[in-house]
Amino acid sequence: MYAQIAVTVPSVSGVFDYALPPELEGKIGAGHLVTVPFGKQTVQGVVFRLIVEPSVPETKTIIDLLDPLPALTAAQISLAQWLARETLSALAACLGLMLPSGLSQQADVLYQTIDDRPLTTDGQSSMVHRRLVDLLREKGSLRGRQIDRHFKNVDWRKVAQYLVRTGGLTSQSILPPISVRPKFVRTAQLSVPPEVAEAAMPELGKTADTLSRRQAALRFLLRELADVNVSWVYAESGCNLADLQELAERELIVLRETEIWRDPLEKISNLVPSDKGLGYQELVLTAEQEAALDQILRAFQTPSPDSQIPNYPFLLHGVTGSGKTEIYIRAAQECIRHGKEAIILVPEIALTPQTVRRFLARFPGQVGLVHSRLSEGERYDTWRRARLGQLKVIIGPRSALFAPLPNVGLIIADECHDTSYYQSEPPFYNAVTTAQEYARICGGVCILGSATPSIVQRYQASAPQGTEGGGSVRLLELPKRIQPSGFSANLGGLPPVSIIDMREELKSGNRGVFSQALVDALEEVLKKGQQAILFLNRRGTATYVFCRECGMAVRCPRCDTPLTYHVAPSSNTLIKPDYMTQEHGGTLVCHRCNYTRQIPKKCPVCGSDQIRQYGLGSQKVEAEVGALFPSARTLRWDWDTTRRKDSHEIILSHFTAHRADVLIGTQMLAKGLDLPLVTLVGIVLADVGLNLPDPFAAERTFDVLTQVSGRAGRSSLGGRVVLQTFQPEHYVIQAAAGQDYAAFYARELDYRRQLGYPPFNRLVRMEYRHVQATKAESEAQGLAAKLAKWIESEDRRETTLIGPAPCFFSRLNGLYRWQIILRGPNPASLLRGKDFEGAALSSAPSLSRGASKGWRVEVDPVSLL
């Protein structure tokens with residue numbers, strides 16, 4: 001018997017035939033994770049299928065089975081193949097998305113010094129040579145990925161290969177061992193009847209202290225019916241392990257090693273009351289909600305996989321506060337009633353605590369959480385519980401989509417417009433479109449929900465069937481907010497929006513951050529004991545720091561972008577970033593590669609000491625609030641304050657508990673939060689990002705303005721929005737202020753039609769990165785010429801070539817960037833299977849190195865910057 005196996009080697013596509021050793025026959029099937037020889041390496045692989053005859057005359061033999069249970073389901077294997085084909089990614093990279101960190105291991109090379117021989121190379125290579133040898137002498141043998149951390153953007157491997165050839169180093173191919181295991185704890189349990197234990201009490205120790213400890217431990221275990229973690233016994237009785245071992249020797253108790261699940265929701269679950277408790281009353285749906293839910297529930301009755309009627313996904317287009325979450329919960333209930341599991345996707349980790357609490361209340365003990373901030377052990381145990389079918393609902397951002405649930409019946413992508421669903425590092429993919437395909441493979445129901453669906457999503461739901469992309473999504477609409485009793489407002493319950501022309505504020509002499517209207521509104525909210533949100537699509541205190549004498553701007557040496565000035569946090573700030581302390585004042589930070597430095601005292605160009613900060617950031621907004629309202633308690637929610645584990649939940653719980661009056665933040669505030677006490681949203685500067693040279697800039701700006709406006713007025717207290725702008729006449733500003741999606745959609749769709757951008761065409765973005773600017777340019781020019789020939793030779797007149805040109809951010813992390821855009825009905829098909837740098841495109845090694853040198857190819861990108 002033989003197996004076709006996809007090896008988890010980056011940039012390798014396709015499957016390879018391996019022989020099953022006799023001891024593993026009957027134990028291996030599709031989805032199992034194994035180790036196999038691959039060239040000179042030992043690597044991991046996933047079994048795709050068993051075959052009787054191999055396709056090659058000689059095969060190597062599988063080395064070992066890593067887990068007795070399959071690591072991937074049949075549906076996940078099909079999804080990985082689809083993802084690799086559609087995104088032009090390596091199959092191994094797509095499989096890597098579905099394996100938890102710690103379990104999935106990549107082959108590596110172990111380097112070790114041989115002796116203390118002197119260095120013999122000169123010039124630039126000698127610097128790398130010296131650093132590498134010194135590192136290995138100091139640390140001992142290291143794997144290649146460990147060395148990478150010490151040599152950022154330095155090609156040390158050529159030097160290492162030279163040293164191996166000349167005898168200075170040894171190298172050995174290794175497969176690191178699995179770094180995550182089930183967790184076991186020692187437990188204790190009474191093993192005799194209570195009367196026997198009581199009779200033994202007087203004889204438990206020779207000294208009074210020992211007797212007291214052991215008696216206390218035994219009495220505690222008498223009260224416990226099940227086995228107890230010994231740490232609880234220690235805490236309750238003051239005993240130690242030796243005492244418990246003595247009780248076990250006397251056969252009064254049993255000590256065991258018991259496996260426990262590392263559940264990140266354990267603390268939350270104990271605090272969330274079940275909706276099924278005493279006095280529970282199910283929410284009454286509105287007529288619009290009932291109509292939408294009825295359509296969704298009917299879809300569960302359609303046998304999709306073998307049915308001739310396609311089970312198209314739903315687009316639930318509902319204004320903010322229209323009750324989409326309740327429909328999600330009812331759909332999940334129906335899914336579970338059919339014996340299947342549900343996946344609930346949210347765009348950001350910030351949204352998971354609120355979503356998790358709502359689902360825990362309806363499905364206690366059945367919800368799992370998946371995201372990157374969990375520990376390796378928590379992710380592994382959640383993955384195993386999902387695989388065993390112990391969890392009925394999985395919640396999280398992109399990675400939650402790949403939980404190995406055995407029978408997926410429902411996938412929901414909340415805030416489906418959000419670009420956070422797009423993975424911006426290889427393998428590039430959009431979790432929303434991937435969710436639609438996964439639901440189709442599983443025969444499940446897919447719901448995309450948003451108040452501002454993307455232009456493409458709305459077009460797919462609105463355009464007539466038969467047009468390109470039209471009719472492939474079913475439209476459900478919730479045009480009105482659910483209004484609490486006693487609440488009345490216009491726009492279907494949406495908060496009124498006041499547009500403030502900041503040009504007029506300047507003319508009146510107001511040069512501050514806030515307009516007079518926003519200051520008055522803040523003062524009123526604070527007097528009433530309510531809460532406000534101040535939104536700014538930017539972090540830091542100043543956009544850039546410059547010299548007033550010569551105009552020099554302080555830039556990142558690796559990215560060539562202006563550094564942002566961050567001040568030390570104020571005393572009223574509850575959450576402070578790690579790198580910022582009161583002692584060292586301000587810091588300049590690159591928001592792309594995290595390079596930091598102190599603000600220069602003198603200009604390095606002209607020597608002037610006239611160094612000043614310019615622009616507006618979230619820290620400056622916080623400082624302005626403190627100056628205007630000293631007693632106001634402020635809380636900042638941006639990337640700087642949310643880098644620690646559980647920071648999102650801490651900030652949200654602080655604000656929900658009214659431990660802060662004003663929440664200041666960036667795009668995280670526009671992510672579907674429900675904050676009943678918020679009666680004011682102030683959009684400090686609505687124009688940010690509006691004029692970027694990107695065809696999707698207007699859509700992103702409209703989405704974020706509409707979404708953040710929807711945080712106000714979600715209770716009977718009502719609410720309002722103050723929108724500050726220097727372009728009040730712009731159609732995006734007007735549509736966002738009027739909460740008028742239809743007007744924005746019609747105008748933007750017309751622009752897209754004229755320019756030939758999605759949904760009327762698809763795009764492929766090809767980006768080349770290199771440490772040398774001339775090399776990046778020449779490679780881009782060379783590929784553009786090759787693409788032009790392919791377009792001509794295959795008569796693809798409908799496919800057009802844009803570029804090559806430098807990217808908008810022309811240098812990132814020390815690498816220069818050039819890009820080419822392909823535009824047409826199916827531009828990816830032009831590249832598939834072509835000779836590309838001497839290799840097939842889908843398996844070219846240079847395509848999957850992330851930020852390293854080489855080509856990166858994105859199908860259907862969400863940004864052209």
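Which loop holds Leu88? The legends below take this residue and several other sites in turn, all in a predicted model.

**Figure 1. Overview of the predicted protein.** The model is a prediction. It has 865 residues, of which 52% are buried. Its secondary structure consists of 25 helices and 38 strands. Of the contacts with a separation of 6 or more, 75% are between residues 24 or more positions apart.

**Figure 2. Leu88, in the loop between H1 and H2.** Most residues other than glycine have a negative phi. Leu88 is not a glycine, yet its phi is positive, about 60°. Leu88 counts as buried because its relative accessibility is 6%, and the cut-off for buried is under 20%.

**Figure 3. The largest nonpolar core.** This core has 51 residues, and Leu72, Leu95, Ile394, Ile411 and Tyr438 are those with the most contacts inside it. The elements that each supply at least two of its residues include strand S4 (41-51), helix H1 (74-87), helix H2 (91-96), helix H14 (376-387) and helix H15 (431-442). The most is given by H1, with seven residues. Another core, of 41 residues, lies apart from this one, and among its residues are Leu635, Val704, Tyr731 and Phe744.

**Figure 4. Tyr438 and Gln76.** Leaving aside neighbours within four places in sequence, Tyr438 is in contact with residues including Thr73, Gln76, Leu79, Ile343, Leu401 and Ile411. Gln76 lies in helix H1 and is buried, with a relative accessible area of 1%. A polar atom of the Gln76 side chain lies 3.1 Å from the backbone nitrogen of Thr73. With the neighbours within four places in sequence again left out, the contacts of Gln76 are Ala71, Met98, Phe402, Ala403, Pro404 and Tyr438.

**Figure 5. The second largest cavity.** A search of the whole structure gives two cavities of 30 Å³ or more. Helix H21 (residues 697-709) provides the largest share of the lining, three residues.

**Figure 6. Ser515, in the loop between helix H17 (502-507) and helix H18 (516-527).** Ser515 has 0% relative accessibility and therefore counts as buried. Beyond its neighbours within four places in sequence, Ser515 is in contact with Ile500, Met502, Glu505, Asn510, Val722 and Gln724.

**Figure 7. Two cis peptide bonds.** Most peptide bonds are trans. The bond from Pro426 to Pro427 is cis, with omega near -5°, and Pro427 is in the loop between strand S18 (422-423) and strand S19 (429-430). The bond from Gly803 to Pro804 is also cis, with omega near 10°. Pro804 belongs to strand S34 (residues 800-812).

Figure 8. Gly782 is in helix H24 (residues 773-793) and, at 40% relative accessibility, counts as partly exposed. Gly782 is 22 residues from Pro804 in sequence, and their C-alpha atoms are 9.4 Å apart in space. Asn813 lies in the loop between S34 and strand S35 (815-824). Asn813 has a positive phi of about 55° although it is not a glycine. With a relative accessible area of 16%, Asn813 is buried.

Methods. Residues are numbered from 1 along each chain as its sequence is written. This is a predicted model: local features need pLDDT of at least 70, side-chain atom pairs count only at pLDDT 80 or more; totals for chains, interfaces and linings use all residues. Side-chain values use heavy atoms; hydrogens and water are left out. Helices (H or I, at least four residues) and strands (E, at least two) are DSSP runs, numbered from the N terminus. Buried means under 20% relative accessible area, exposed over 50%, partly exposed in between (1.4 Å probe, protein chains only). Contact means heavy atoms within 4.5 Å. On a 1 Å grid over the protein atoms alone, a cavity is a set of points where a 1.4 Å probe fits but cannot get out, and a pocket is an open set with protein on both sides within 12 Å along at least five of seven lines; lining residues have an atom within 4 Å of a point. Grid points are joined across faces, edges and corners, and a volume is the space filled by probe spheres set on the points. A nonpolar core is a set of buried Ala, Val, Leu, Ile, Met, Phe, Trp, Tyr and Cys residues joined through side-chain atoms within 4.5 Å. A polar contact is a pair of N or O atoms within 3.5 Å; within protein, one must be able to donate a hydrogen and the other to accept it, and residues adjacent in sequence count only if both atoms are side-chain atoms.
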